[in-house]
Each structure stands twice: as C-alpha cells, then as structure tokens.
Amino acid sequence: EYFVGPYCAEKGGGIFLGLFTDDACTNFADNDAGKDTYYALANNILPYSSESIVSMDCVNCAALGNVYGDDYYVGDQCGAPYTSSGKCEVHLSDSVVGRNMQNNAACHYMEGIHIASEEGLVIVRKRASGVANFFIFLFSCSFGFFVYYAHLLHKKLRMKQSMSTGQNQNDKKSAFFR
C-alpha cells in the first residue's frame with residue numbers, strides 16, 4: 001500500500017509530491033522520493049515530483065474593470081491576501097496610504113526575519129538582549145563559584161576524615177592535596 005503526499009524540499013525552497021509507504025507520509029517508497037516506484041507502478045511520471053507545487057513566479061494582479069478595457073483594479077487573487085496580511089507601511093508616504101492611515105502592526109515581526117531569496121528560506125536574525133546576556137553571565141559566574149566552593153568543602157571533609165582516622169601530622173599536607 002502506497003500513499004502520495006507533499007514534502008518540503010531539502011532547504012525549504014519548494015513543495016513536491018512523493019510516494020510514501022505510510023499514511024503519515026514520512027517514509028519514502030524508495031531513495032528517490034518514491035519517483036522510481038511510482039513510475040514502475042503507474043508507468044507514468046509522478047506529477048510535481050520534479051517541480052514545486054507552489055510557483056515562485058509573479059502573478060498579474062490587475063483585473064479588467066469595465067467593458068471597454070481601460071479601467072483596471074486589483075483582482076481578488078491579490079487583494080484578499082493583501083487585506084489579511086501583516087503590514088509595515090512606515091516608509092510609505094501619506095499620499096500613497098492616506099493621511100494617518102499607515103498600518104505598522106507587523107513592523108516588529110518583519111524586522112526579525114530576513115528572506116534569503118535564492119533559496120526561498122526565512123532566516124531569523126538573532127539579536128542579543130542586554131538583560132539576557134547579563135543574567136547568563138551572572139548565572140555562569142554563580143555556577144562557577146558554587147562548583148569551586150563545593151570542591152573546597154569536599155577537600156576539607158576529606159581532610160577531617162583522614163585526621164580522625166589517626167594519620168599523623170606529616171600526612172595532613174598530603175591528605176589536603178589528594
């Protein structure tokens with residue numbers, strides 16, 4: 001029993017179809033994402049096994065608005081996703097957006113990501129927080145101090161035990177450095 005399902009490209013730049021041996025689509029049917037097994041069974045190439053299901057091409061957003069063909073507007077294929085998307089219009093002028101109508105709700109989120117266009121990957125920029133760095137430093141120093149203090153207490157305890165067992169005065173120094 002085989003299952004056809006989507007999987008992400010190795011670096012996340014595309015979504016392909018593959019042939020799997022389980023219904024969770026986690027185990028490929030062969031070493032070539034199930035392409036060879038599908039071809040052997042169906043005598044045909046598995047669709048979207050070599051090209052991504054999701055296109056990286058631009059979509060024309062202009063839609064014809066009247067019978068004469070000279071009035072354009074933004075079509076639903078672009079207008080609906082734009083309306084529901086997060087926006088950072090901080091660099092748009094009032095003449096483009098409208099006076100005091102800028103939507104900057106997603107600016108903070110967008111500042112935290114960087115898109116590497118050649119692979120289509122989203123890479124999160126890591127920023128060091130001063131407060132976090134301070135507490136990491138403080139915790140590290142405290143941990144080191146307590147390890148050192150535990151080591152000293154352990155040495156003293158061993159020295160007391162060796163003294164109580166009756167070793168002579170000359171062995172005190174050697175007991176301390178064990």
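This report describes the aromatic pairs and the cysteines of a predicted model.

## Aromatic rings

A pair of aromatic rings is described by the distance of the centres and the angle of the planes. The structure holds eight aromatic pairs, and one of them is formed by Y7 and F16, whose rings lie 6.0 Å apart from centre to centre with 40° between the planes, a tilted arrangement. Both Y7 and F16 are buried. These two residues also belong, together with F20 and F28, to one aromatic cluster.

Another pair is made by F145 and F146, with ring centres 5.5 Å apart. The planes of F145 and F146 stand at 65°, and because an angle over 60 degrees counts as edge-to-face, this pair is given that description. F146 has a relative accessibility of 53% and therefore counts as exposed.

## The disulfide

A disulfide is a covalent bond between the sulfur atoms of two cysteines. The count in this model comes to one disulfide, which joins C88 and C107 with their sulfur atoms 2.1 Å apart. The torsion about the S-S bond of C88 and C107 is about 100°, so the disulfide is right-handed.

C88 lies in the loop between α2 (76-84) and α3 (94-97), while C107 lies in helix α4 (residues 107-111), so the bond ties together parts that are 19 residues apart in sequence. C88, at 32% relative accessibility, counts as partly exposed, whereas C107, at 10%, counts as buried.

## Two further cysteines

C25 has a relative accessibility of 22% and so counts as partly exposed. C141, with a relative accessibility of 40%, also counts as partly exposed.

Methods. Residues numbered from 1 in each chain as written. Predicted model: local features only at pLDDT ≥ 70, side-chain atom pairs only at ≥ 80, totals over all residues. Heavy atoms only, no water. Phe/Tyr/Trp six-rings, centres within 6.5 Å; stacked < 30°, edge-to-face > 60°. Buried < 20%, exposed > 50% of the residue type's maximum accessible area, 1.4 Å probe, protein only. Disulfide = S-S within 2.5 Å. Helix = DSSP H or I, 4+ residues; strand = E, 2+ residues; numbered from the N terminus.
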